[in-house]
Amino acid sequence: KEEDPSKEKDKKGLRFVAEQVSHHPPVSCFYCECKEKKMCVNAHVWTKSKFMGMSIGVSMVGEGVLHLLEHEEEYVFTLPSAYARSILTIPWVELGGKVSINCARSGYSATVTFHTKPFYGGKVHRVTAEVKHNPTNTIVCKAQGEWNGTLEFTYSNGETKVIDTTKLPVIRKKIRPIAKQGPLESRRLWQHVTNSLKEGNIDAATEHKHRLEERQRAEERQRAALPAPWKPKYFTKEGDGWLYLNPLWKTH
């Protein structure tokens with residue numbers, strides 16, 4: 001059917017790309033942008049895992065930068081840790097730890113705390129946050145609730161605002177069919193492992209995973225033997241982090 005031209009103008013696209021840029025340590029980068037809103041995010045992260053009895057904790061090392069081009073502002077943020085609980089029975093995942101968000105230009109910063117569930121009682125996925133105006137050292141906003149549920153914001157002037165994340169629209173990703181994906185794209189590389197897991201065939205999934213990892217180790221040895229260092233396709237090293245080659249703030 002024909003599209004209404006007026007609705008076409010209101011459409012906003014979120015474009016996303018990710019790449020593993022380093023093998024030791026295993027650093028992953030991601031970049032996403034919304035041209036219509038003049039916003040983009042560039043981040044790099046690698047993980048440190050630890051076993052804790054019935055749980056596995058994963059610390060996210062790295063940071064991201066959110067660019068708001070209309071306001072000429074950059075927000076630097078860290079990432080929370082993730083925990084896989086009850087790994088020997090019915091596993092479930094939660095977030096934990098503190099996240100910091102800072103904007104040098106505006107003078108605002110925020111601390112977001114992801115609270116892990118207490119051993120007895122307590123709610124899951126609870127989060128609290130404070131937004132501070134650094135020049136005056138005043139708290140301008142507080143937030144509490146569940147990061148995947150209802151969040152309540154209280155401002156210094158007494159106003160309140162509630163966001164129910166469960167009622168926000170869900171927009172499905174658009175991904176190329178596997179046959180049209182590049183040879184190193186994750187869904188194509190891991191398709192046999194994924195299909196075996198969906199079928200409940202753990203032995204076949206393990207075998208496919210073993211073959212893939214052996215191939216990747218061989219390719220890593222070949223790259224290490226090359227005279228010139230290997231370069232990622234979409235990101236370039238910059239200081240302690242990695243930057244997408246053509247971020248929105250460079251092309252606008």
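Hi everyone, let me begin with a term: a residue counts as partly exposed when its relative accessible area falls between buried, under 20%, and exposed, over 50%. Glu207, at 38% relative accessibility, is therefore partly exposed. And please keep in mind that we are looking at a predicted model.

So what does Glu207 pair with? Its side chain meets that of Arg211 in a salt bridge, 3.1 Å from N to O. Both residues lie in helix H4, residues 202-225, four residues apart, which is about one turn of the helix. Arg211 itself counts as exposed, at 51% relative accessibility.

Helix H4 has another such pair, Glu219 and Arg215, also four residues apart and separated by about one helical turn. Here the closest N and O atoms of the salt bridge are 3.7 Å apart. Glu219 is partly exposed at 27%, and Arg215 is partly exposed at 44%.

In total, the structure holds 10 salt bridges. One of them joins Glu36 and Arg15, with 3.8 Å between the closest N and O atoms. Glu36 sits in the loop between strands E2 and E3, while Arg15 is in strand E1, so this bridge ties together parts 21 residues apart in sequence.

Now to the rings. Searching the whole structure turns up four aromatic pairs. Among them is Phe119 with Tyr120, edge-to-face, with 4.8 Å between centres and 85° between planes. Phe119 is exposed at 72%, and Tyr120 is exposed at 71%. Elsewhere, Tyr31, Phe235 and Tyr244 make up one aromatic cluster.

Finally, a charge meets a ring: the charged end of Arg223 sits over the ring of Trp230, 5.2 Å from its centre.

Notes: Residues are numbered from 1 along each chain as its sequence is written. This is a predicted model: local features need pLDDT of at least 70, side-chain atom pairs count only at pLDDT 80 or more; totals for chains, interfaces and linings use all residues. Side-chain values use heavy atoms; hydrogens and water are left out. Rings of Phe, Tyr and Trp (its six-membered ring) pair if their centres lie within 6.5 Å; planes under 30 degrees apart count as stacked, over 60 as edge-to-face and the rest as tilted. Buried means under 20% relative accessible area, exposed over 50%, partly exposed in between (1.4 Å probe, protein chains only). A charge sits over a ring if NZ of Lys or CZ of Arg is within 6 Å of the ring centre and within 35 degrees of the ring normal. A salt bridge is a side-chain nitrogen of Lys or Arg within 4 Å of a carboxyl oxygen of Asp or Glu. Helices (H or I, at least four residues) and strands (E, at least two) are DSSP runs, numbered from the N terminus.
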